[in-house]
Amino acid sequence: MEALAEELLGESPAIRAVREQLRKLLEAQRAGRRLPALLLQGETGTGKGMVARLVHRLGPRRGGPLVDVNCPAIPETLLEAELFGYERGAFTDARHAKPGLFQTAHRGTLFLDEIGLLPPSVQAKLLTVLEDRAVRRLGATKPEAVDVGIISATNMDLREAVRTQQFREDLYHRLAVITLELPPLRDRGRDVLLLAERFLARACAEYALAPLRLDEVVQARLLAYRWPGNIRELANVIERATLLSDGGVITGVMLEPLAADGPSVVSAPSPRTGAVKPEGRCASRSRECWRRAPGTFRTPRPGWALRATRCMRGWRSTACTAIALSSAAAVDRRPFRPRLPGARRSSGNTAG
Ligand SMILES: Nc1ncnc2c1ncn2[C@@H]1O[C@H](COP(=O)(O)OP(=O)(O)OP(=O)(O)O)[C@@H](O)[C@H]1O
Ligand SMILES: [Mg+2]
């Protein structure tokens, strides 16, 4: 169970409670009990996908496949055939029989991501499959047994969706035998700093940079910001700041895009309590901040243009505006390609 503490990093009561629930669930599975259906709820970027993979990897089904289905990514007309499979001739284009994702996940785990967006027609059939533990392919006469652990995830309030009749109540109860709420980052206190340190170390290793640290003002800003994109946003912010750093330490100015759209006034942490003044507006994703804050960096330092361009990746013209460059020619306009250790430079367009 060390993997739980290692991967679900954090000391806040909210994340400790999640770890504890997961620990009990996984121990019950070890004792030979059947995996109950698990519903992961939480805002975008809180780690639902990560927890689903962790449960599969640490649970008794780890020897089987993990099949990840992003429900809204499959067109409604294809979803039923994709999930449950079909027989030859079941519809015009069905030239061969094909097993569905349920059959593919046999003896493993099926992860139904964004389950709240499952169309009503498929909700009914999914319920039947879960109740019968058997799938009948489109066009088939007989069902075939499937043994699949179900993990589903949503960033919607599924109970509210049930109340407004967008989601079937019977299916909700089937899927939510155990419900885990992943807390938003803004409710996790100093976990923000623990996670930021981890992302910083990872970014330094990936970009082959010397170890960096976060200065006090940066720490205060990270603590005060509201993180609408949660852990995903934090990882991106830290990666960008790493690329902007000139060595040794990440300073407040490297988080300028965050401040442009986040907390308007942030105090340094109180030396006595460590508290910061959390004040601020909710921000959109960090890339948006670059876009909407032209002139944030009025005095670019040598090297910033290139680094900002790298970190914006495909967003070069936006990066130019944000940095208010005096000479756009200073920006490397070649596509960003991170240089891999040992990789040879290809001619012309390796920006790393
Ligand atoms: N506890 C954690 N420690 C380190 N990284 C994490 C943690 N939780 C999430 N992440 C990272 O944050 C990012 C977002 O996580 P994930 O994709 O699991 O979120 P999600 O809740 O599924 O988001 P969405 O609702 O948008 O699909 C991923 O890159 C993931 O690796
Ligand atoms: Mg996800």
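What is the mean pLDDT of the protein, and what percentage of its residues reach 70 or more? The mean pLDDT, the predictor's confidence in each residue from 0 to 100, is 77, and 71% of the residues reach 70 or more. This is a predicted model, in which local features need pLDDT of at least 70 and side-chain atom pairs count only at pLDDT 80 or more, whereas totals for chains, interfaces and linings use all residues. Residues are numbered from 1 along each chain as its sequence is written, and chains are lettered from A and ligands numbered from 1 in the order in which they are written.

Figure 1. The protein has 15 helices and eleven strands, taken as DSSP runs (H or I, at least four residues, for helices; E, at least two, for strands) and numbered from the N terminus. Of the 352 residues, 33% are buried; a residue is buried if 20 or more other C-beta atoms lie within 10 Å of its own, exposed if 12 or fewer, and partly exposed in between, with C-beta atoms placed from the backbone. Contacts require C-beta atoms, placed from the backbone, within 7 Å. Among contacts between residues at least 6 apart in sequence, 72% join residues at least 24 apart. Where pLDDT is low, the predicted coordinates should not be read in detail.

**Figure 2. The shell around ligand 1.** Ligand 1 is surrounded by 15 residues (C-beta atom, placed from the backbone, within 6 Å), and the closest are Thr44, Gly47, Lys48, Gly49 and Met50. Helices α3 (48-58) and α11 (230-244) each supply at least two residues of this shell. By residue class, the shell divides into six nonpolar, seven polar and two charged; Ala, Val, Leu, Ile, Met, Phe, Trp, Tyr, Cys and Pro count as nonpolar, Asp, Glu, Lys and Arg as charged, and the others, Gly among them, as polar. Because both domain 1 (2-183) and domain 2 (188-293) give residues to the shell, ligand 1 lies between them. The domain bounds come from an automatic or database domain assignment.

**Figure 3. The buried and exposed sides of helix α4.** In α4 (residues 76-84), Leu79, Leu83 and Phe84 are buried. Seen down the helix axis, these residues fall within an arc of 85° and so line one face of α4; the arc is that of the directions from the axis to the C-beta atoms. The face turned away from the buried side carries exposed Thr77 and Leu78. Cover for the buried residues includes β3 (85-86), α5 (101-104), α6 (120-132) and β6 (134-135). Gly85, with a positive phi near 80°, follows α4.

**Figure 4. Surroundings of Arg137.** Arg137 is found in the loop between β6 and β7 (144-145). Arg137 is buried, because 23 other C-beta atoms lie within 10 Å. Leaving aside neighbours within four places in sequence, its contacts are Phe84, Gly85, Tyr86, Glu87 and Gly100. The C-alpha atoms of Arg137 and Ala90, 47 residues apart along the chain, are separated by 8.9 Å.

**Figure 5. Phe199 in helix α9.** Phe199 belongs to α9 (residues 191-206) and counts as partly exposed, because it has 19 C-beta neighbours inside 10 Å. Not counting residues up to four places away in sequence, Phe199 touches Leu234, Ala235, Ile238 and Glu239.

Note on methods
Contact = placed C-beta atoms within 7 Å.
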